[in-house]
Amino acid sequence: REGLYFDQIYSTGARSEQGMASIFGGFPAHPITSITVQPDKYNKLPSMVKDLKNIGYYSAFYFGGQLIYGNIKSYIIYNEFDQIKEVYDFDPQLPQGKLGIHDEFTLLYMVNDLKDAPQPFVSGLFTISTHSPYDQPMEEMIAWGGNEQQYLNSAYYTDYSLGKFIEEAKKQDWYQNTLFIFVADHSHSSYDNLPMSNIEYQKIPLLFYGEVIDSAFRGQTISHLGIQTDIASTLLNQLGMSDKAYPWSKNLLNPLAPQFAYSCYEEGLSWKRPVGFISYEKRFNHYHFQNAPKTMMDSLSTEGKAYLQ
C-alpha cells in the first residue's frame, strides 16, 4: 500500500558490476566487458551519490561479501561514499556462508548503523543470498521450480530478510522521511528457463517504497518500459534536481518519455518497444523477433544496434 511498483523494468546487463554502474551512474551495460573495470572511462560518468552529497547528503554502502569482484570496490570508491563496509568490516561473529554474511544480518546491521548517521543520508546495500551456492540459513520453503528451486528459495530468504529490515526501519526516527528503492543488479534464469536472448529473461523488480510517496501514487503500478539507468532521472526529477548529466536516463514517471528497454549479454543485445522486441547475437549473426509485425523488424533492428553503437 505504501509502494510504487514499476512492472516493465529490465536489466541492462547480466553482471553485478554492470548493474551498479547503471543504477548509480545511469550508464547502460555493453557486451564483452564492463565499464567498472575501466577507471579511465567511468571517471567521466556522473554519480547520483556525488550529486546528493553536493546538496548535503551523508552516504554509506554495505556489502556482506568481498567488493573486489568486477572491480566494484574501485567503482564504489569513485562514487565517494562517506562509509564503505564489506565483509572484513563487520563483526566476524555474524553468521556467514561461502560468499559472506547472510542478508538478514547485513540489513539489520545497516538499520542500526544508520541510527547515528547524519541526516539526510543516501545508503546502499548489495545483497548476497541470491547467488550460488545458495547456502542461506533458512529451511527451504519452495518445493517447486525444477532446476531453479534453490534460487527461488534464496529469493524467498532475501524477501524475508527485507521484511525484517523494514520492520526495524519503521522504528527509526528517519523512517517517515526516507524513500526506499528496491531493484535487482541483474536478472536470473527463472523456472521458465528462458534463453538469455529473450528479453523477458532480463526482467527485474523495481519498487519505490515509503511514507514519503504521495498518497495519490501509493499502490500504483507504472508500466513504462525502462531499465536500471532510468532510476537516476526518475529520482532526481522527484527531488527537483537536474538530470542533464544523465543522457542515457529517462524519467519513468513522465508519460511522454520514450518507451524502450535495452539489454545486452555476452555478444548480443535485446531491444524492446511496445510493438515487440528483437534480439541479435553477433557470434551467430542470429536475429530473434517476438510480437513484432514484419513492417517493424527493420526499424527495431536499426534502433537496437544504434543504441548500442
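Predicted model: local features only at pLDDT ≥ 70, side-chain atom pairs only at ≥ 80, totals over all residues.

Stop 1: Select Met-141. You'll land in the loop between strand 4 (121–126) and helix 6 (149–169). Is Met-141 buried, partly exposed or exposed? Its relative accessibility is 42%, so Met-141 counts as partly exposed.

**Stop 2: a proline in a loop.** Next, pick Pro-95, in the loop between strand 3 (83–85) and helix 5 (103–113). Pro-95 is partly exposed, at 35% relative accessible area. Which residues does Pro-95 touch, if you skip its neighbours within four places in sequence? Show Ile-101, His-102 and Phe-105: Pro-95 is in contact with these. Then try a distance label from Pro-95 to Pro-137: their C-alpha atoms are 8.5 Å apart, while 42 residues separate them along the chain.

**Stop 3: paired strands.** Switch to cartoon view and colour strand 6 (residues 203–209). Strand 1 (residues 3–10) runs antiparallel to strand 6, and six bridges join them. Strand 5 (residues 180–183) pairs with strand 6 as well, also in the antiparallel sense, over four bridges. Zoom in on Leu-207 in strand 6: Tyr-5 has Leu-207 as its bridge partner, and Phe-182 stands opposite Leu-207 too.

**Stop 4: salt bridges.** Side chains of opposite charge can pair when their charged atoms come close. How many salt bridges does a search of the whole structure find? The count is 11. Let's visit a few.

- Select Lys-50 and Glu-80, whose side chains meet at 3.9 Å, N to O. Lys-50 sits in helix 3 (residues 48–53) and Glu-80 in the loop between helix 4 (72–78) and strand 3, so this pair ties together parts that are 30 residues apart in sequence. Glu-80 is partly exposed, at 42% relative accessibility.
- Move on to Glu-211 and Arg-218, a salt bridge of 3.4 Å, N to O. Glu-211 is partly exposed at 25%, and Arg-218 is partly exposed at 27%.
- Finish at Arg-283 and Glu-281, which meet in a salt bridge of 2.7 Å, N to O. Arg-283 is partly exposed, at 46% relative accessible area, whereas Glu-281, at 13%, counts as buried. Why buried? The cut-off for that label is under 20% relative accessible area.

Conventions:
Residues numbered from 1 in each chain as written. Heavy atoms only, no water. Helix = DSSP H or I, 4+ residues; strand = E, 2+ residues; numbered from the N terminus. Buried < 20%, exposed > 50% of the residue type's maximum accessible area, 1.4 Å probe, protein only. Contact = heavy atoms within 4.5 Å. Pairing = 2+ DSSP bridges. Salt bridge = Lys/Arg side-chain N within 4 Å of Asp/Glu carboxyl O.
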